[in-house]
Amino acid sequence: MILSESPEANRFIAKVDREAQRLSVQLLFSLKNDVMALDTREATDGYFTPPEDDSPGFLVVPIGKQEQEWLHTLAHEYVHMCQWFRDDDVWVKWRSYNCDSNYYRLEEATEHEACEIIMKYKLPCGDAPKRAASYLRRLKRGGGSKPLAVE
Ligand SMILES: [Zn+2]
């Protein structure tokens, strides 16, 4: 899959695709700006849903925006797939009880790991830690709708 002019990005995309296939997860790119989440039916920057019974999982990333942004989203959703696979505490807690603080903790851990991955694979994401911090600030404020109840 050649989606980027950056060889590092294309190598990472190919890696995510291979791992996703092994886990019965379909990696999909949408040409739009955002996609609708399966659970909340709200527009989102991307999402991951694990496979269940007969249905495959999905890792969906819209690429109709700046490349540095959607590559960051790809790293973020890839981390969610890894969290699901390794039964990560933050993932398990959020899946068993989806409250604001569990969601915030999940997203905080995810952005932390996504930034490490962006460094490790040299993805051209610009200032990823800055973007992560501003996303988490927005999340804490509730993104314009209701504020998250994070203690
Ligand atoms: Zn997330």
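Me: Why are helix 2 and helix 4 called oblique to each other?
Reply: Helix 2 (residues 67-85) and helix 4 (residues 100-120) pack at an angle of about 120°. Angles under 35 degrees count as roughly parallel, over 145 as roughly antiparallel and 65 to 115 as roughly perpendicular, with oblique for the rest. The angle of about 120° is therefore oblique. This is a predicted model, in which local features need pLDDT of at least 70 and side-chain atom pairs count only at pLDDT 80 or more, while totals for chains, interfaces and linings use all residues. Residues are numbered from 1 along each chain as its sequence is written.

Me: How far apart are the axes of helix 2 and helix 4, and which hand does their crossing have?
Reply: The axes of helix 2 and helix 4 are 8 Å apart, and the crossing is right-handed (near helix turned clockwise from the far one by less than a right angle; anticlockwise is left-handed).

Me: What makes the contact between helix 2 and helix 4?
Reply: Helix 2 contributes His 72, Ala 75, His 76, Tyr 78, Val 79 and His 80, and helix 4 contributes Thr 110, Glu 111, Glu 113, Ala 114, Ile 117 and Ile 118 (contact: C-beta atoms, placed from the backbone, within 7 Å). By class, the residues of this contact are 6 nonpolar, 4 polar and 2 charged.

Me: How do you know whether helix 3 and helix 4 are roughly parallel or roughly antiparallel to each other?
Reply: The axes of helix 3 (residues 89-96) and helix 4 cross at roughly 150° and come within 9 Å. That angle lies past the antiparallel cut-off, and the two helices are therefore roughly antiparallel to each other. The crossing of helix 3 and helix 4 is left-handed. Val 90, Trp 91, Lys 93 and Trp 94 of helix 3 meet Asn 102, Tyr 103, Arg 105, Leu 106 and Ala 109 of helix 4. The contact of helix 3 with helix 4 has 6 nonpolar, 1 polar and 2 charged residues.

Me: Why is the pairing in the sheet called mixed?
Reply: Strand 1 (residues 25-30) pairs with strand 5 (residues 57-62) in the parallel sense over 6 bridges, whereas strand 4 (residues 47-49) pairs with strand 5 in the antiparallel sense over 3 bridges. Two strands pair if DSSP finds at least two bridges between them. The 3 strands form an open sheet in the order 1-5-4, with mixed pairing.

Me: What makes strand 1 and strand 4 edge strands?
Reply: Strand 1 and strand 4 each pair on one side only. Neighbouring strands of this sheet are turned by 10° against each other on average, direction ignored.

Me: Which residues stand opposite one another along strand 5?
Reply: Ser 30 stands opposite Pro 62, Thr 49 has Phe 58 as its bridge partner, and Tyr 47 stands opposite Val 60.

Me: Which helices pack on the sheet?
Reply: Helix 1 packs on the sheet, touching strand 1 and strand 5, and its direction makes about 140° with that of strand 1. Helix 2 packs on the sheet too, touching strand 1, strand 4 and strand 5, and its direction makes about 165° with that of strand 5.

Me: Why does Ser 24 count as partly exposed?
Reply: Ser 24 has 13 other C-beta atoms within 10 Å. A residue is buried at 20 or more such atoms, exposed at 12 or fewer and partly exposed in between, so Ser 24 is partly exposed. Ser 24 lies in the loop between helix 1 (7-22) and strand 1.

Me: How is Lys 122 classed on the basis of its C-beta neighbours?
Reply: Lys 122 has 13 C-beta neighbours inside 10 Å and therefore counts as partly exposed. Lys 122 is in the loop between helix 4 and helix 5 (128-141).

Note on methods: Helices (H or I, at least four residues) and strands (E, at least two) are DSSP runs, numbered from the N terminus. Axes are lines fitted to C-alpha atoms, for helices over the stretch in contact, and angles run from 0 to 180 degrees between N-to-C directions. Two residues are in contact if their C-beta atoms, placed from the backbone, lie within 7 Å. Ala, Val, Leu, Ile, Met, Phe, Trp, Tyr, Cys and Pro count as nonpolar, Asp, Glu, Lys and Arg as charged, and the others, Gly among them, as polar.
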